[in-house]
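Hi there,

Here is the structure I promised to pass on. Have a look at it first, and then read on for what turned up.

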Amino acid sequence: MPIRIIPLTTPYFSQVIALGNNVHGDGYLDAEMMQQIASKGSKDGINANFVALDNERLIGFRLTYAPGSWTIDRWCTPASWDVPTEQLCYFKCNTVATEYRGQGVGGSLLKASITATQKQGAVGGLSHLWKQSPDNSAVGYFTRAGGRLIKEHPNRWNNNPDHPDYVCVLCGESCHCTACEMLLLY
């Protein structure tokens, strides 16, 4: 059976949390965050969050906030976007299990979220990509999809109140990884 991309629903939350914490580090996701993310990803009955399944095994996920449901923070540079913020979704996280990387799973998840967010009224999306991802694959796949770099933000996830218990897989408790703020217009 081929890999399936389906909307994220509550029964998959625990598997998403496990994969996210395995790839990004302990404390990256928890049950409370998943409820908030699911809420922010839905608009007009359309879910912008997706999971990838190989048979019934969850092998990847894409978490995306609907346009108008996310907050601009100090890590955002809206003067460089050339698009009203209310027309942008926020691509929070795209994660793929190690053995499935390089097979187009991440791109398929992104395409599913793009289709959903277009129906929600988005003309593009913003993301903060993990520059230190294996082989810088996060920035690479987003660039291949048409994303452009806006600005690099060192220490983006260090002492982040959104992830107070986060332990980076590379840096430990004091994360110094760089986020590449990128914009993808449809």
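How are α1 and α2 oriented to each other? Before the answer, please keep in mind that this is a predicted model. The axes of helix α1 (residues 13-24) and helix α2 (residues 31-41) come within 10 Å and cross at roughly 110°. Angles of 65 to 115 degrees count as roughly perpendicular, so α1 and α2 are roughly perpendicular to each other. The crossing of α1 past α2 is right-handed.

If you want to pick out the contact on your screen, look for F13, V16 and I17 on the α1 side, and for A31, M34, Q35 and A38 on the α2 side. By residue type, this contact has six nonpolar residues, one polar and no charged.

Now to the charged pairs. Side chains of opposite charge can pair when their charged atoms come close. There are four salt bridges in the structure, and here are some notes on three of them.

R4 and E56: the closest N and O atoms of this salt bridge are 3.0 Å apart. R4 belongs to strand β1 (residues 4-7), while E56 sits in the loop between β5 (50-54) and β6 (57-65), so the pair ties together parts that are 52 residues apart in sequence. Exposed means over 50% relative accessible area, and buried means under 20%. E56 therefore counts as exposed, at 54% relative accessibility, whereas R4, at 29%, counts as partly exposed.

R57 and E99: here the closest N and O atoms of the salt bridge are 2.5 Å apart. This pair also links distant parts of the chain, with R57 in strand β6 and E99 in the loop between β7 (88-96) and α3 (105-119), 42 residues apart. R57 is partly exposed, with a relative accessible area of 39%, and E99 is partly exposed too, with 45%.

E152 and K131: this salt bridge has its closest N and O atoms 3.0 Å apart. Because E152 lies in strand β9 (residues 148-154) and K131 in the loop between β8 (124-130) and α4 (137-144), the pair ties together parts that are 21 residues apart in sequence. E152 has a relative accessible area of 34% and is partly exposed; K131, with 30%, is partly exposed as well.

Happy browsing, and do write back with any questions.

Best wishes

Conventions
Residues numbered from 1 in each chain as written. Predicted model: local features only at pLDDT ≥ 70, side-chain atom pairs only at ≥ 80, totals over all residues. Heavy atoms only, no water. Axes fitted to C-alpha atoms, helices over the stretch in contact; angles between N-to-C directions. Helix = DSSP H or I, 4+ residues; strand = E, 2+ residues; numbered from the N terminus. Parallel < 35°, antiparallel > 145°, perpendicular 65-115°, else oblique. Left-handed = near helix turned anticlockwise from the far one by under 90°. Contact = heavy atoms within 4.5 Å. Nonpolar A, V, L, I, M, F, W, Y, C, P; charged D, E, K, R; others polar. Salt bridge = Lys/Arg side-chain N within 4 Å of Asp/Glu carboxyl O. Buried < 20%, exposed > 50% of the residue type's maximum accessible area, 1.4 Å probe, protein only.
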